[in-house]
Amino acid sequence: MKKSNKFSPEVRERAVRMVQEHRGEYPSLWAAVESIAPKIGCVPKTLLDWVQRQEVDAGVRSGVSAAEAQRVNELEREVNRRESQQCCICALVAWMHTECWMTGAG
């Protein structure tokens, strides 16, 4: 189940940009996040997640980018769709084999 997005992409981008611009004024990333999060109305962990996601997408932090994760999800859906089709085909072949055997046509 997908969570609802309380914050628009513009607000997220602005918040991440604020953290990046003011990061040097704080002893740690977490301290910057804790200071800025209340200003936009989110909890610090949420803002930290946004900052880390942006860093991964920019190649600054290791991890799977949003684009890569989306592609993996698309491929998994395609695999599931094809497996479902294969099951239907196998069931149809089994039914046809049974019908042919029962009618003596095969």
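Biologist: Among the contacts in the chain with a separation of 6 or more, what percentage is accounted for by residues 24 or more positions apart? After that, please turn to E55 and its surroundings.

Modeller: This is a predicted model, in which local features need pLDDT of at least 70 and side-chain atom pairs count only at pLDDT 80 or more, while totals for chains, interfaces and linings use all residues. Residues are numbered from 1 along each chain as its sequence is written, and side-chain values use heavy atoms, with hydrogens and water left out. Residues 24 or more positions apart account for 32% of the contacts with a separation of 6 or more, a contact meaning heavy atoms within 4.5 Å. The chain has four helices and zero strands, where helices are DSSP runs of H or I with at least four residues and strands are runs of E with at least two, numbered from the N terminus. Of the 106 residues, 18% count as buried, that is, under 20% relative accessible area with a 1.4 Å probe and protein chains only. As for the part you asked about, E55 lies in helix α3, which covers residues 44-58, and E55 is buried, because its relative accessible area is 6%. Leaving aside residues up to four places away in sequence, E55 touches R23, V60 and R61. With R61, the side chain of E55 also forms a polar contact of 2.9 Å, a term for a pair of N or O atoms within 3.5 Å in which, within protein, one must be able to donate a hydrogen and the other to accept it, residues adjacent in sequence counting only if both atoms are side-chain atoms.

Technical notes. Buried means under 20% relative accessible area, exposed over 50%, partly exposed in between (1.4 Å probe, protein chains only).
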